[in-house]
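Try each task before you read its solution.

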Amino acid sequence: MYKTQKFPKTLKYLVTCPCCDTARFSIGVLEMLLWAEQFGEVFVTSFFRCHNYNKSVGGKIGSFHTKGRAVDFFIPQVSVRELYDKLNEKFPDSCGLGLYLKNGFVHFDDRLNKARWNG
Ligand SMILES: [Zn+2]
Ligand SMILES: [Zn+2]
C-alpha cells in the first residue's frame with residue numbers, strides 16, 4: 001500500500017513562481033537536476049516564472065521558464081563552462097542550453113530540438 005508522502009518543501013519552493021503561488025515543472029528538468037547533483041551542490045537561480053514575473057525580469061515571451069520546462073543553475077564546484085560542456089555531452093541532439101558566463105549560470109530547458117546560445 002502506498003504511503004502518502006509530503007511534497008518536499010524545498011522542491012515546492014523551487015518550482016513555485018517567486019511572485020505568486022503558481023507552481024509548474026517538467027520531469028525532464030527535475031531528472032536533469034538529479035543527474036547534475038553528482039558534480040556538486042546545485043544552486044537554482046530561476047525555475048518556473050508565471051507570465052507576469054517573466055516579463056518583469058526581462059524574460060522572452062513564451063520562454064520555457066513560463067512552462068516550468070527551464071532552469072537556470074550553477075554548481076560552485078564546477079565552472080559554468082564545464083557545466084555547460086557536461087550538459088552538451090549528455091544531450092548532444094536536444095534541449096536548450098544557454099551559457100551565461102558573466103552571470104555565472106547555465107540555462108537548461110527540455111525542448112525536443114537542439115538550441116545553443118551564449119547569454
Ligand atoms: Zn508569478
Ligand atoms: Zn533560463
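**Exercise 1.** Find which residues Val71 touches, not counting residues up to four places away in sequence.

*Solution.* Start with the rule: two residues are in contact if their C-beta atoms, placed from the backbone, lie within 7 Å. Next, apply it to Val71, which touches Val29, Leu33, Val44, Phe47 and Phe108. A word on the source: this is a predicted model, where local features need pLDDT of at least 70, side-chain atom pairs count only at pLDDT 80 or more, and totals for chains, interfaces and linings use all residues. Residues are numbered from 1 along each chain as its sequence is written, while chains are lettered from A and ligands numbered from 1 in the order in which they are written.

**Exercise 2.** Work out which residues of the largest nonpolar core touch the most other members.

*Solution.* First, the terms: a nonpolar core is a set of buried Ala, Val, Leu, Ile, Met, Phe, Trp, Tyr and Cys residues joined through C-beta atoms within 7 Å, and buried means that 20 or more other C-beta atoms lie within 10 Å of a residue's own. Then look at the 23 residues of this core: Val29, Val71, Phe74, Leu97, Val106 and Phe108 touch the most other members. Finally, strand S2 (70-74) is among the elements that supply at least two residues each, and S2 gives the largest share, 4 residues.

**Exercise 3.** Determine how many helices and strands the protein has.

*Solution.* Count DSSP runs, with helices (H or I) of at least four residues and strands (E) of at least two, numbered from the N terminus. This gives 4 helices and 5 strands. Their order from the N terminus is α-α-β-α-β-α-β-β-β.

Note on methods: Buried ≥ 20, exposed ≤ 12 C-beta atoms within 10 Å, placed from the backbone.
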